Amino acid sequence: MTTTPTRHTGLGLAAGVLTGILALYIALVSLGNITDFGTNQQFVRHVLAMDTTFKDDNLMWRAVTSTALQDTAYVLIIVWETVAALVLIWGTYLWARRKDDDLARRVSTYGLLMLLLLFGAGFIAIGGEWFSMWQSKTWNGLDAATRIFTLSGVALIVNQLPARRETAI
């Protein structure tokens with residue numbers, strides 16, 4: 001019994017399109033943060049300083065008020081976004097090329113996991129809970145982070161679905 005190469009189905013197309021959408025999104029976010037550094041720099045500074053939260057004394061010890069540390073965190077976020085964008089662009093290219101779905105799946109998985117870590121661990125868990133971003137009416141990015149976390153999770157699931165292989169008898 002021999003097997004033929006994986007038939008190109010809608011699953012690979014769906015995985016490639018979802019990966020491409022997220023590649024485009026995070027590339028635009030990264031580009032925006034690089035070319036308009038100050039806008040989201042203020043966002044990060046306010047979240048880390050916790051200056052628009054309820055200012056509960058039991059939580060305020062968590063605040064990071066050093067602008068050097070705040071800006072370092074922001075630069076690290078931009079670097080992470082840029083690397084994730086490059087990995088996802090590569091994954092999208094590999095899906096579009098249609099020569100090695102296993103490599104496309106692997107590369108896309110790395111990029112999607114990078115987004116899940118950034119938006120899930122970074123923005124939702126650390127920003128939202130540790131720095132109490134949910135308390136701020138002005139500097140609250142939880143809805144946007146949740147949208148991207150959810151879309152990245154869906155894309156990861158689609159990327160991980162097993163491809164059907166046809167056998168020749």
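Modeller: Let's get the charge bookkeeping out of the way: Lys and Arg count as positive, Asp and Glu as negative, while His and the chain ends are left out. Each charge is placed at NZ of Lys, CZ of Arg, CG of Asp or CD of Glu. On that basis, the 13 positive and 12 negative charges of the protein chain have mean positions 11 Å apart.

Bear in mind that this is a predicted model, where local features need pLDDT of at least 70, side-chain atom pairs count only at pLDDT 80 or more, and totals for chains, interfaces and linings use all residues. Residues are numbered from 1 along each chain as its sequence is written, and side-chain values use heavy atoms, without hydrogens and water.

The part I'd zoom in on is helix α3, residues 67-97. Helices here are DSSP runs of H or I with at least four residues, strands are runs of E with at least two, and both are numbered from the N terminus. The expected span of a helix is 1.5 Å times one less than its number of residues.

Now zoom out. The protein chain has 5 helices and 2 strands, running β-α-α-α-α-α-β from the N terminus. Its C-alpha trace spans about 70 × 30 × 20 Å along the principal axes. As for contacts (heavy atoms within 4.5 Å), 77% of those with a separation of 6 or more join residues 24 or more positions apart.
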